[in-house]
Amino acid sequence: VVIYARITDRAGNTVYVNTDGAVVDTTASMVTVKALEDPNEHGIYNKDVPVKITVKEQLEGKSAYSGIRSVCYKIVKVAGLESQEEGKEIPLYTFDVTDPAYSDLLNKYCAEITVDAEGNNSDHVEVVVTAVDNAGNSCTETLDLSINVDVVKATLSMDGTPNRVEEESGTERGYYYMEAGRTAVITVEDRESAFDAAAATKAIQVEAVDVNGKEIENSADAYTVSDWTLEGNYHQAVVTFLEDANYTWSFSGENSVYTNKAGNALNTEATENLTYGNLTVEAGTATPFTFTLDTTAPTGTVKVNDNIWNKILEVITFGLYSKDNATVAATAEDITSPLEIAYYKTSDTDALDVEELEALGDADGTDENGFVPYSEAIHIADDEQFVVYFRITDYAGNCTYISSDGFIVDQEPSVIEITPGEANGFYDEGDNDNGQYGLYGADPEKDSEEDVVPVNIHVEDAEPYSGIRTIEYWVECDGEK
């Protein structure tokens with residue numbers, strides 16, 4: 001607005017005067033603050049955010065404008081209702097023209113800024129933009145952002161002490177347990193607003209197979225996963241393994257990496273050492289882990305020649321014999337774990353129970369009165385009386401004892417001695433291989449039926465003896481039987 005005045009006196013003299021330009025502006029500028037990239041589906045950014053700031057001074061229906069005098073912004077991190085961290089106010093534009101013409105007045109301003117994600121890593125980030133025009137009207141607009149560039153960490157642990165640890169592919173990964181209900185605890189360090197329980201559960205992968213690598217029948221029920229519990233930014237779930245199986249399990253392994261709602265994946269390189277049973281896995285080591293849960297005792301058989309047993313006998317009998325030799329063999333089976341077989345051979349005729357066999361232990365190399373490893377059939381080539389006990393143990397520690405019945409290898413015939421009564425004399429008849437014939441005369445004092453030649457027969461079976469089964473005799477007279 002410019003006001004002109006004309007002044008004329010009565011003599012007719014005229015003079016013109018005017019004001020300088022003036023603007024009457026009662027309307028503030030319009031400020032727009034907009035992110036140039038959309039957040040993810042959860043409304044979260046996990047990287048720097050480009051923001052466009054637009055200030056318009058000349059608005060529709062507005063006849064005049066005073067021009068933009070200043071534009072500034074600041075970033076506020078709101079940690080809670082009563083806590084916030086305000087960044088330094090940063091000027092973007094300042095009008096500094098002295099005695100400007102109307103055309104010098106700025107009616108529109110645009111700028112782009114970048115909100116640094118590392119420096120503004122918060123669920124509640126405000127980009128506050130303030131514009132003031134030359135008339136002193138002020139306008140402030142705020143853009144709300146949620147930024148998460150946290151490093152997601154996890155700690156894994158498993159309860160119990162394994163009965164045995166075996167190397168697999170050069171790494172100690174074979175853990176054998178014999179108690180049911182082993183549990184693994186997974187703790188994820190992740191911001192509460194970004195933690196995705198469904199994705200975390202999906203990232204738990206479990207495979208359950210038998211000793212031959214075949215998926216067990218009830219694999220779907222082989223384990224359970226609890227709900228996730230929350231304590232601050234720490235989220236915890238328990239995996240309980242229930243069925244006998246060889247397990248391979250992982251959290252955020254190659255096939256299912258845990259990614260939170262911000263799009264940040266679990267960083268194994270930044271993960272602290274993982275505790276797994278009595279093993280500490282170095283940082284950066286990815287799962288999977290393997291272990292075996294086996295609560296079932298193995299089965300087997302003991303075979304001596306054609307005789308088979310599948311349990312430990314309470315009473316030992318010796319009714320099995322061979323006049324040649326004996327072969328002792330064992331079979332063993334376990335649906336889950338590898339096996340070790342040992343045997344103990346004894347001549348003791350009393351049956352040993354499980355407690356006595358456990359106390360017996362292993363032979364130490366000098367004392368053979370104990371169990372020795374079994375790898376192939378045992379051949380008994382000499383005379384021997386024996387009972388053989390087999391101990392079948394799986395890697396989890398489950399043990400089964402099986403015994404044979406008593407068995408005797410007897411290769412020596414019995415010794416027979418025939419001793420006739422005292423003869424009256426002897427004579428030879430030609431070539432007599434059996435020696436001299438004894439001469440026996442009739443006894444006149446006895447009846448003919450009582451007048452006999454007494455013959456004593458003695459049979460003896462040498463140790464180890466299978467026992468005398470039958471004794472037969474016959475008499476040959478003048479070559480006739």
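The legends below describe close-up views of a predicted model. Local features need pLDDT of at least 70, side-chain atom pairs count only at pLDDT 80 or more, and totals for chains, interfaces and linings use all residues. Residues are numbered from 1 along each chain as its sequence is written, and side-chain values use heavy atoms, with hydrogens and water left out.

**View 1. E37 and K47 form a salt bridge.** The closest N and O atoms of the pair are 3.4 Å apart. A salt bridge here is a side-chain nitrogen of Lys or Arg within 4 Å of a carboxyl oxygen of Asp or Glu. By this rule the structure has five salt bridges. E37 and K47 both lie in the loop between β3 (30-35) and β4 (49-56), so the contact ties together parts that are ten residues apart in sequence. Helices (H or I, at least four residues) and strands (E, at least two) are DSSP runs, numbered from the N terminus. E37 is partly exposed, with a relative accessible area of 33%. K47 is also partly exposed, at 46%. Buried means under 20% relative accessible area, exposed means over 50%, and partly exposed lies in between (1.4 Å probe, protein chains only).

**View 2. D123, D150 and R191 are linked in a network of salt bridges.** R191 and D150 meet at 3.0 Å, N to O. This pair links distant parts of the chain, 41 residues apart. R191 sits in the loop between β14 and α1 (197-202), and D150 in the loop between β10 (138-145) and β11 (153-158). R191 is buried, at 12% relative accessibility. D150 is partly exposed, at 23%.

**View 3. D362 and R391 pair in a salt bridge.** Their closest N and O atoms are 2.6 Å apart. D362 belongs to the loop between α2 and β28 (372-373), and R391 to strand β30 (residues 384-394), so the bridge ties together parts that are 29 residues apart in sequence. D362 is exposed, at 51% relative accessibility. R391 is buried, with a relative accessible area of 16%.

**View 4. K34, K52, K56 and K108 gather in a surface patch of positive charge.** Patches are made of residues with over 30% relative accessible area and no salt bridge; like charges are joined within 9 Å, nonpolar side chains (Val, Leu, Ile, Met, Phe, Trp, Tyr) within 5 Å. Accessible areas come from the Shrake-Rupley method with a 1.4 Å probe; for residues, only the protein chains shown count as cover. Lys and Arg count as positive and Asp and Glu as negative, while His and the chain ends are not counted. Each charge is placed at NZ of Lys, CZ of Arg, CG of Asp or CD of Glu. K108 is in strand β8 (residues 108-115). K108 is partly exposed, with a relative accessible area of 43%.

**View 5. A surface patch of negative charge brings together D348, D350, D353, E355, E356 and E358.** D348 lies in the loop between β27 (339-346) and α2 (354-360). Its relative accessible area is 33%, which makes D348 partly exposed.

**View 6. V129 and Y73 are separated by 4.3 Å, C-alpha to C-alpha.** The two residues are 56 residues apart along the chain. V129 lies in strand β9 (residues 125-133). V129 is buried, with a relative accessible area of 0%.

**View 7. G181 and F241 are 5.4 Å apart in space, C-alpha to C-alpha.** In sequence, 60 residues separate G181 from F241. G181 is in the loop between β13 (171-177) and β14 (182-189). At 26% relative accessibility, G181 counts as partly exposed.

**View 8. D99 and N305 have positive phi values.** Most residues other than glycine have a negative phi. D99 has a phi of about 50° although it is not a glycine. D99 is found in the loop between β7 (90-94) and β8. D99 is exposed, with a relative accessible area of 71%. Phi of N305 is near 55°. N305 is in the loop between β23 (299-304) and β24 (307-309). N305 is partly exposed, at 26%.
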